[in-house]
Amino acid sequence: MADPAPPPGGRRPARRRQPRLPLRARLRRDWPLLVMVAPGALLLLVFHYVPVLGNVVAFQDYNPYLGDSSLEALFYSPFIGLENFEALFSDPAFWDALWNTLTITAFQLVFFFPLPIALAIVLHSILSTRLRMFVQTVVYLPHFFSWVLVVTFFVQMLGGAGLLAQELREAGLTPPEIMTNPDTFIVLVTAEVVWKDVGWGTIVFLAALSTIDPNLYEASAVDGAGRWRRLWHITLPGLRPVIVLLLILRLGDALSVGFEQFMLQRDAVGRQAAEVLDTFVYHHSIITGDYGFGAAAGLFKAVVGLILILAANKFAHALGERGVYSKT
């Protein structure tokens with residue numbers, strides 16, 4: 001039944017909210033869903049929220065050998081306030097690692113983030129189901145390779161003794177330095193990420209494309225809209241909420257560009273080009289045993305990531321998107 005028309009010159013009366021069920025009634029109604037979610041919530045609590053308490057190490061001169069257990073060492077280690085952060089921010093190597101991390105993140109955000117969207121649109125347009133499944137399998141496969149295998153593959157193809165260099169030498173040409181050139185290292189690591197993960201990144205976008213009503217494409221085609229107009233006015237608006245959500249999550253993870261990929265290639269191109277925050281923490285905290293220093297760097301990463309997520313989510317709300325969360 002249609003809602004009654006608002007009175008002349010007045011506003012439509014607000015709808016009366018339904019009374020909220022008591023807690024016992026909601027538990028009786030939703031207990032199957034709660035049981036299904038309980039294992040995941042327990043894992044999240046144990047492996048994500050409980051370790052947050054360990055951030056107190058960032059404010060201590062932590063010594064793991066004090067006491068008979070790690071918990072006793074946490075209580076017995078002396079509290080030193082912000083000294084670890086002062087040492088972190090006064091270390092030029094930290095600022096070099098931070099700059100490399102932000103530069104690589106920005107570069108990959110521009111040259112990698114749009115590629116899964118484009119690939120998903122291309123795969124979605126393939127009419128043959130068998131061909132689409134074959135292409136999807138081929139582009140998904142590198143995601144399951146370890147970084148050791150990925151870097152080895154690139155070395156065998158682009159290294160000084162690789163296939164490309166051998167072919168150029170046989171042609172009388174001097175092969176370029178690709179795997180050991182610090183000036184082009186950012187392009188190299190982005191190419192490795194593209195080859196490894198561009199196919200895997202299409203999964204969410206393909207799922208979003210499947211929710212777009214096909215009748216919209218048929219109606220626009222009848223009205224004379226070409227392929228590019230349908231892409232611009234139907235496909236991309238349908239993907240926009242997912243794009244905004246994944247972009248916000250990527251910004252929240254801006255200071256984490258990976259560890260194994262850079263650790264494997266750090267010696268080949270040098271610290272100035274390949275040192276990121278994750279490898280910086282490993283070399284200046286884990287190897288040296290200065291765990292408070294490393295915890296301070298990790299806490300700094302977490303705080304910056306949280307600020308970026310909140311800011312990006314606020315900006316998404318201003319554009320009319322839901323973002324990661326919404327108050328309404």
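Colleague: Arg 266 first: buried or exposed?

Modeller: This is a predicted model, to be clear. In it, Arg 266 has a relative accessible area of 13%, so it counts as buried, the cut-off being under 20%.

Colleague: And which helix is Arg 266 in?

Modeller: Helix α13, which covers residues 260–269.

Colleague: What does Arg 266 touch, leaving out residues up to four places away in sequence?

Modeller: Arg 271, Ala 274, Glu 275 and His 283.

Colleague: OK, on to α15. Which of its residues are buried?

Modeller: Leu 277, Asp 278, Thr 279, Phe 280, Val 281 and Ser 285.

Colleague: What covers them?

Modeller: The cover includes α13, along with α3 (83–89), α4 (92–111), α14 (271–274) and α16.

Colleague: Now the loop between α15 and α16. Where does Asp 290 come in?

Modeller: Asp 290 sits in that loop, with α15 spanning 277–286 and α16 spanning 291–318. Its relative accessibility is 34%, so Asp 290 counts as partly exposed.

Colleague: Switching topic: what's in the nonpolar surface patch?

Modeller: Leu 42, Leu 43, Leu 44, Leu 45, Val 46, Phe 47, Tyr 49, Val 50 and Leu 53, with about 930 Å² of accessible area together.

Colleague: Take Leu 44 from that list. Where does it lie?

Modeller: Leu 44 is in helix α1, residues 23–49. With a relative accessible area of 39%, Leu 44 is partly exposed.

Conventions: Residues numbered from 1 in each chain as written. Predicted model: local features only at pLDDT ≥ 70, side-chain atom pairs only at ≥ 80, totals over all residues. Heavy atoms only, no water. Helix = DSSP H or I, 4+ residues; strand = E, 2+ residues; numbered from the N terminus. Buried < 20%, exposed > 50% of the residue type's maximum accessible area, 1.4 Å probe, protein only. Contact = heavy atoms within 4.5 Å. Patch = residues over 30% accessible without salt bridge, like charges linked within 9 Å, V, L, I, M, F, W, Y side chains within 5 Å. Areas by Shrake-Rupley, 256 points an atom, 1.4 Å probe, with all protein chains shown as cover. Salt bridge = Lys/Arg side-chain N within 4 Å of Asp/Glu carboxyl O.
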